[in-house]
Amino acid sequence: MGKPKNGPDPAFSLQVVAERLSELLGQPVKMAKDVVGESAQALAASLKDGEVMLLENTRFEKGETKNDPELSKKLASMADIFVNDAFGTAHRAHASTAALPIICRRLRLSGAEGSFHHGKALADPERPFVAILGGAKVSDKLNVINNLL
């Protein structure tokens, strides 16, 4: 939802995403007022089976673009499953896209093993394997598809 330069900015809030996701899911999506602070921690702790929570924009945290491992640990502490479907940003060395998958693998959270950024997954994958590539622009993924083939 954008790249706020100086911390939280209502113009970049994910509140509109929570509202739309609520419509699509047909159930309320609980929206944290922050990313890893008191609001997020309390909401995560109170979730019941089947409930959905959305954290505020990770770019509101100064440690996000610095790949802060402490921010990643706080994010991981609220997760049971980690899935990175942000293909367009997965290459960035940010706390939520680089450090978080590593921490999740250490914690053995479901889905974290499916996160591949580089290395063995492309150079010498265990076969058979499954790759899920998403996004609007196929042209961005052609090199990856060719490498996998």
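How many salt bridges does the structure hold? There are 3, a salt bridge being a side-chain nitrogen of Lys or Arg within 4 Å of a carboxyl oxygen of Asp or Glu. The views below start with the whole chain and then move to close-ups.

This is a predicted model, in which local features need pLDDT of at least 70 and side-chain atom pairs count only at pLDDT 80 or more, while totals for chains, interfaces and linings use all residues. Residues are numbered from 1 along each chain as its sequence is written, and side-chain values use heavy atoms, with hydrogens and water left out.

**View 1. Overview of the fold.** The protein has 6 helices and 2 strands. Helices (H or I, at least four residues) and strands (E, at least two) are DSSP runs, numbered from the N terminus. Along the sequence, the pattern is α-β-α-β-α-α-α-α. Of the 149 residues, 30% count as buried. Buried means under 20% relative accessible area, exposed over 50%, and partly exposed in between (1.4 Å probe, protein chains only). Accessible areas come from the Shrake-Rupley method with a 1.4 Å probe; for residues, only the protein chains shown count as cover. Among contacts with a separation of 6 or more, 53% come from residues 24 or more positions apart. Contact means heavy atoms within 4.5 Å.

View 2. Helix α2 spans residues 38–46, and its Ser39, Ala40 and Leu43 are buried. These residues lie on the same side of α2 because they cover an arc of only 95° around the axis. The arc is that of the directions from the helix axis to the C-beta atoms. Glu38 and Ala45, on the other side of α2, are exposed. What do the buried residues of α2 pack against? Their partners are β1 (29–31) and β2 (52–54).

**View 3. The largest nonpolar core.** This core has 16 residues. A nonpolar core is a set of buried Ala, Val, Leu, Ile, Met, Phe, Trp, Tyr and Cys residues joined through side-chain atoms within 4.5 Å. Val36, Leu75, Met78 and Leu100 have the most contacts inside the largest core. Two or more residues come from each of α2, α3 (69–77) and α4 (95–107). Helix α4 gives the most, with 4 residues. Apart from its neighbours within four places in sequence, Leu75 is in contact with Val35, Val36, Leu55, Ser96 and Leu100. A second, separate core has 5 residues, including Leu14, Ala18, Val29 and Met31.

View 4. Side chains of opposite charge can pair when their charged atoms come close. Glu23 pairs with Arg20, and their closest N and O atoms are 3.0 Å apart. Both residues lie in helix α1 (residues 15–25), 3 residues apart, about one turn of the helix. Glu23 is exposed, at 56% relative accessible area. Arg20 is partly exposed, at 46%.

View 5. Lys30 forms a salt bridge with Glu51, with 3.3 Å between the closest N and O atoms. This pair links distant parts of the chain: Lys30 sits in strand β1, Glu51 in the loop between α2 and β2, 21 residues apart. Lys30 is partly exposed, with 26% relative accessibility. Glu51 is also partly exposed, with a relative accessible area of 31%.

View 6. Lys73 and Glu70 meet through their side chains in a salt bridge (3.4 Å, N to O). Helix α3 holds both residues, 3 residues apart, about one turn of the helix. Lys73 is partly exposed, at 45% relative accessible area. Glu70 is partly exposed, at 45%.

View 7. His94 lies in the loop between α3 and α4. Is His94 buried or exposed? His94 is buried, with a relative accessible area of 12%. Leaving aside neighbours within four places in sequence, His94 contacts Arg59, Glu64, Thr65, Asn67 and Ala99.

**View 8. A nonpolar surface patch.** Val138, Leu142, Ile145 and Leu149 make a nonpolar surface patch of about 400 Å². Patches are made of residues with over 30% relative accessible area and no salt bridge: like charges are joined within 9 Å, nonpolar side chains (Val, Leu, Ile, Met, Phe, Trp, Tyr) within 5 Å. Ile145 belongs to helix α6 (residues 142–148). Ile145 counts as partly exposed, at 32% relative accessibility.
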